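Please keep the sequence and the structure in view while reading.

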Amino acid sequence: MTVFIIRRLMQSAFVLLIMSLLVFVGVFAIGNPVDILIAADADQAERDRAIAALGLDLPLWEQYLVFLKNAAHGDLGKSFVFNQPALQLIVDRMPATLELAFSAMVIAILLGLPLGMYAGFQPHSRTARAIMAGSILGFSLPTFWVGLMMIMVFAVQLGWLPSTGRGATATVLGIKTSLATWDGLAHVLLPAINLALFKLSLVIRLSRAGMRENMLMDYVKFARAKGLSMRRVIFVHVLKNILIPIVTVLGLELGSVIAFSVVTESVFAWPGMGKLIIDSINRLDRPIIVAYLLITVTMFIVINLVVDVLYSVLDPRVRLAEAKA
Amino acid sequence: MTQAVPTLAVDDLKTVFETRAGAVKAVDGVSFTVTAGRVLGLVGESGSGKTVTGFSIMGLVDPPGRIASGHILFKGRDLVGLSEQEMRRLRGARIAMIFQDPMMTLNPVLRIETQMVETLQAHISIGQREAHERAREALGMVGIPSPEERLKAYPHQFSGGMRQRVAIAIALLHRPDLIIADEPTTALDVTIQGQILYEMQRVCRQIGTALIWITHDLSVVASLADEICVMYAGKIVEQGSVDMVLDRPAHPYTKGLIGSVPSRNRKGVPLAQIPGMTPSLLNLPTGCSFRLRCTRADAACVAPPEMTTLEAGRRVRCFHPVHEAAA
């Protein structure tokens, strides 16, 4: 196991290096931030000074090397706009995004698993059909539209829940979170449901498929032949088997929920990383874009690693394969 | 003795599957009895209804299948019409079942111990430690070496034969009155097959369990069973003691089955085959369902043949039973 993790970490460092190069070149190709950042009536001398100050006068490869050298010391550059370290800006906004993503995942699992399992257990019942129809809607309705509708119904017309912002936060274990206050929870509910909708449909589909497939397996018949109750067969024997693919997919999805909650954050004006990256792209704030993408890649790498470890906990056959490697 | 009430008496059992193309009679009027300590071989090709018969006894026929009529008297008590809860109490405790593929029957993600202890706890209130003891004893009983360590293992760490032993150990945990073994040796290689057969025979004699052995392999039945029922297309076509049926088959189908087993005595002679294939249960010929493949069929066979008694304890469903001894 330890060898496995060390090897994965070394691979990860390599992936990060390649990724940083791609991102750096890619962002360079998008456009010149100087045109946006410097007032149009500035004279040539001012322009040159600004360009030199931002380090944009060097050739691309030299800029990249400077970036790498600083990155090795944990400095991913300063935001052109805020004139603050890019890393700091992103990390400041991370808790907001993480708590949103976390809430969305919890909703998706807590609702999706039972709904999907029921739909797989009674596939021909009317309820199961309704659940599946609902999951198609969850897949196909665009997130921003659902978000707007939710604001309109629950915030504007019914007035039950606030529509924007993060609400009151409290500090738990050194992290500022709105999940610790009632006002914060009320604020997080709508965007979390909005973000969860797609994952929820995914979990429903996966658990339904797993349920249908596994219920036909011999081990289910044998478990029933042993005289086990249907409850034990489903919630111990079958559940542990269908969790394997669900954990894999959800692990990957968790990364994308965190990285691409952009739409939901924009609709609900949620002060998270997604909103920051959209603003930064509009202003061609290169250091933030680069730092954000690298953090995203790191996040995916970490999540994948956790999923692999979790996978081997769920499926004893995986554990053995690694022991041999 | 308890000879008066057989362990299991199946009477005119009919199990049908409702499909879009119509009702399929997978088991069509099957009757037999098994007494304690005896072994009944249920023989037939794939799709002859032998497995469905087993599942019907266990109450494990899932929709769209259902038991349409008949009685399954287990120690005098009719299992047909019992509630799921009552059936669950019998399953695994008084009636156990072993399946064909040991790779598939054990749950791959649960430890052997979990799978054994839960079987105990499903029927009796027993503490974890005591259940652990009983599980270890059961593994030892079916010849698994170092059972204490093996309890901690997962199914994939066992070979096929060892897995089947585990399945047998699970079936034996409550010392059931009846075990239904559905081709438990088919997926194993021959030496392991022999060992498993021997173990089953030994253990069943030891605890006086009645055994129904479902198989398509006549050689297994010959060495194991006391009595034999040959099934074809959902019906029993021949019934009797093993020696009588195998030495002097009366039904042309039984004769065909025996003829298609390779034998040393007939080296060089081409194997006899039964022409054609098992008919679809949706589309059975009128009268005798074997008549289109039968060399002895004539006009009389268009009417359905009844079970007729040839001699004591020996019945056959045929208008033209074979009389000569098998080759």
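Helices (H or I, at least four residues) and strands (E, at least two) are DSSP runs, numbered from the N terminus, and the expected span of a helix is 1.5 Å times one less than its number of residues. The model is a predicted one, in which local features need pLDDT of at least 70 and side-chain atom pairs count only at pLDDT 80 or more, while totals for chains, interfaces and linings use all residues. Residues are numbered from 1 along each chain as its sequence is written, and chains are lettered from A and ligands numbered from 1 in the order in which they are written.

**Helix α8 of chain B**

Helix α8 of chain B comprises the 18 residues 190-207, which should span 26 Å, and its end C-alpha atoms are 26 Å apart, in agreement with that expectation. Within α8(B), Ile196(B), Met200(B), Val203(B) and Cys204(B) are buried. They cover an arc (taken from the directions from the helix axis to the C-beta atoms) of only 95 degrees around the axis, and therefore lie on the same side of α8(B). A residue counts as buried if 20 or more other C-beta atoms lie within 10 Å of its own, as exposed if 12 or fewer do, and as partly exposed in between, with C-beta atoms placed from the backbone. On the face turned away from the buried side, α8(B) carries the exposed residues Val190(B), Thr191(B), Arg205(B) and Gln206(B). The buried residues of α8(B) pack against α5 (128-141), α7 (160-172), β7 (178-182) and β8 (210-215) of chain B. Just after α8(B), Gly208(B) takes a positive phi of about 65 degrees.

**Strands of chain B**

Two strands pair if DSSP finds at least two bridges between them. An open sheet of four strands in chain B has the order β2-β1-β4-β5, with antiparallel pairing. Its edge strands, β2 (22-34) and β5 (77-78) of chain B, each pair on one side only. Two antiparallel pairs are tabulated here.

| Strand | Partner strand | Bridges |
|---|---|---|
| β1(B), residues 8-19 | β4(B), residues 65-74 | Eight bridges |
| β11(B), residues 308-311 | β12(B), residues 314-316 | Three bridges |

Asp11(B) stands opposite His71(B) in β4(B), and the bridge partner of Thr308(B) in β12(B) is Val316(B). The hairpin of β11(B) and β12(B) has two residues between the strands, and in this hairpin Gly313(B) takes a positive phi near 70 degrees.

**Contact with chain A**

The contact (C-beta atoms, placed from the backbone, within 7 Å) takes 25 residues from chain B and 21 residues from chain A. On the side of chain B that touches chain A, the elements giving two or more residues are α2 (84-90), β6 (95-98), α3 (102-105) and α4 (112-121) of chain B.

Terms used: Two residues are in contact if their C-beta atoms, placed from the backbone, lie within 7 Å.
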